[in-house]
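Hello,

Here is the structure we talked about, ready for you to open. My notes follow below it.

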Amino acid sequence: MTSPIPARSDAPRIGERALARSVTATWWYTVGGIVFFGVVATLQWLVWILVRHDEGAGLSWRLALAGISLIVVHAGVVFLLRGYRPVVLAGGDEERGRLPRPDAIALVGVVMGGVLLGLAAGSWMAGASIFAYALSVRPWLPGIRWRVILAVTVALVAVWVAEASWSDLSHVEPNGFFVPALFATMLPVIAASSLWWWDIVLELDRARQAESLLAATRERLRLANDVHDLQGHHLQVIALQLELAQRLIDRDPEAAAAEITRAQAAVDAARQGTRDLAAAFRGVPLPDELANAVDLLRSAGVDVHPEVDAAAVDAPADVLGPIVRESVTNVLKHGSGRWARLSLERDAAQWVYRIANDETGEDETGDGSGLAGMTERANAVGGDIRVGRSADTFELTVSLPAAPTERDST
């Protein structure tokens, strides 16, 4: 029986690059939502052109000009959004306050597209809304974004009221101008809110990374403190015993030799205590070890498909734990980073651990891969390791003998 491993909230992170990948899906949802609403909002002006202008007023050229302007506008907005993400990931005010030349060109293109849309629709509101749209997708400095959005929204409302009051809309349905104007007013607010929401998701992801690093640091400090106490106690005892042996060596050689023997015993006790402490520190239950491995891969943006036997707690964690950690490291170092499959199952009298991933074409069996160390660990307990490749897939299979359990006897 196998069960999927859920993602854990304390997943370890492996740097800014992995952090970026971990929110990639959310980013593309955000971009898709902004562009979709922008298309819907700007298409209202095509409907407005059809409602307000007849064939005699140059309907064909107005529609053609509006279509061209919408293509230019949305292409420019997509380009601006393309530059938004790396600037925010960089996290510095200097990057946010800069306007690179390609972004400046795209911004000018969006504004020109807005001018064309305003001419085609015969509406100041249409052109002003596109300018506000362009401003809403810029990575403003903290505290400035919503001031800009509030200012452009107030300006759009003012243009709306002025145009509705001064323009001749007597031949248009009462709600004919209301719909495109409403969408135009909402457009910068929706775009800025979506980007603000993604910024919050990014900050939460960074907070999770910081929490994970802090937990690891605390654990290391705890271990260091335990090692200090253990070694400090034994070293002090050894120092006293050797000092006593030095005093006794001339007048009572046998007593001095006994003290040296006790000092040697204290050295052995210190060594064993250190080994026990290290074993306790590394003694993570195997299901947790596998869950951490899945979390690490997911945090790096890898699509993971885990299947773990419900009785995995009975597997030899002291051997499989380091193998799992090393194999996941190989996936992150040598894989293409798109997908991985991880499984652990009981097969008769042995445990079988498999991990497969898409490889980049590099030699994953080369120096630094850790396969030699994994093979040594497996062979030490009577197991074996097999490596296989098919097309662009790399697979590692580890088989270890299974110790009899109470379940087997019943």
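Predicted model: local features only at pLDDT ≥ 70, side-chain atom pairs only at ≥ 80, totals over all residues.

First, the overall picture. The protein has 410 residues, and 41% of them are buried. Its secondary structure comes to 13 helices and six strands. If you take the contacts between residues at least 6 apart in sequence, 78% of them join residues at least 24 apart.

Now back to Asp-384, which has a charged partner. Side chains of opposite charge can pair when their charged atoms come close. Asp-384 forms a salt bridge with Arg-386, and the closest N and O atoms lie 3.1 Å apart. Arg-386 is partly exposed as well, at a relative accessible area of 42%.

In total, the structure holds 10 salt bridges. Another of them joins Arg-354 to Glu-345, with 2.9 Å between the closest N and O atoms. Arg-354 has a relative accessible area of 28% and is partly exposed; Glu-345, at 32%, is partly exposed too.

A further salt bridge pairs Arg-138 with Asp-103, where the closest N and O atoms are 3.6 Å apart. This pair links distant parts of the chain, 35 residues apart: Arg-138 sits in the loop between helix 6 (124-136) and helix 7 (145-166), while Asp-103 belongs to helix 5 (residues 101-121). Are these two residues buried or exposed? Arg-138 has a relative accessibility of 8%, and because that is under the 20% cut-off, Arg-138 counts as buried. Asp-103 also comes to 8% relative accessibility and counts as buried.

Next, the helix packing. Two packed helices are described by the angle between their axes and the distance between the axes.

Helix 3 (residues 59-90) packs against helix 6 at an angle of about 15°, and their axes are 10 Å apart. Angles under 35 degrees count as roughly parallel, so helix 3 is roughly parallel to helix 6. The crossing of these two helices is right-handed. On the helix 3 side, the residues that meet helix 6 are Val-73, His-74, Val-77 and Leu-80; on the helix 6 side they are Ile-130, Tyr-133 and Ala-134. By type, the residues of this contact are six nonpolar, one polar and no charged.

Helix 11 (residues 317-334) and helix 12 (residues 371-380) make another pair, with an angle of about 160° and axes 10 Å apart. That angle is over 145 degrees, so helix 11 and helix 12 are roughly antiparallel. Their crossing is left-handed. Helix 11 brings Asp-318, Val-319, Pro-322, Ile-323, Glu-326, Ser-327 and Asn-330 to the contact, and helix 12 brings Leu-371, Met-374 and Arg-377. Here the residues divide into five nonpolar, two polar and three charged.

What is the phi of Ala-348? Its phi is positive, at about 55°, although Ala-348 is not a glycine. You will find Ala-348 in the loop between strand 3 (335-347) and strand 4 (350-359). With a relative accessible area of 64%, Ala-348 is exposed.

Happy to go through any of this with you.

Best wishes

Technical notes. Residues numbered from 1 in each chain as written. Heavy atoms only, no water. Salt bridge = Lys/Arg side-chain N within 4 Å of Asp/Glu carboxyl O. Helix = DSSP H or I, 4+ residues; strand = E, 2+ residues; numbered from the N terminus. Buried < 20%, exposed > 50% of the residue type's maximum accessible area, 1.4 Å probe, protein only. Axes fitted to C-alpha atoms, helices over the stretch in contact; angles between N-to-C directions. Parallel < 35°, antiparallel > 145°, perpendicular 65-115°, else oblique. Left-handed = near helix turned anticlockwise from the far one by under 90°. Contact = heavy atoms within 4.5 Å. Nonpolar A, V, L, I, M, F, W, Y, C, P; charged D, E, K, R; others polar.
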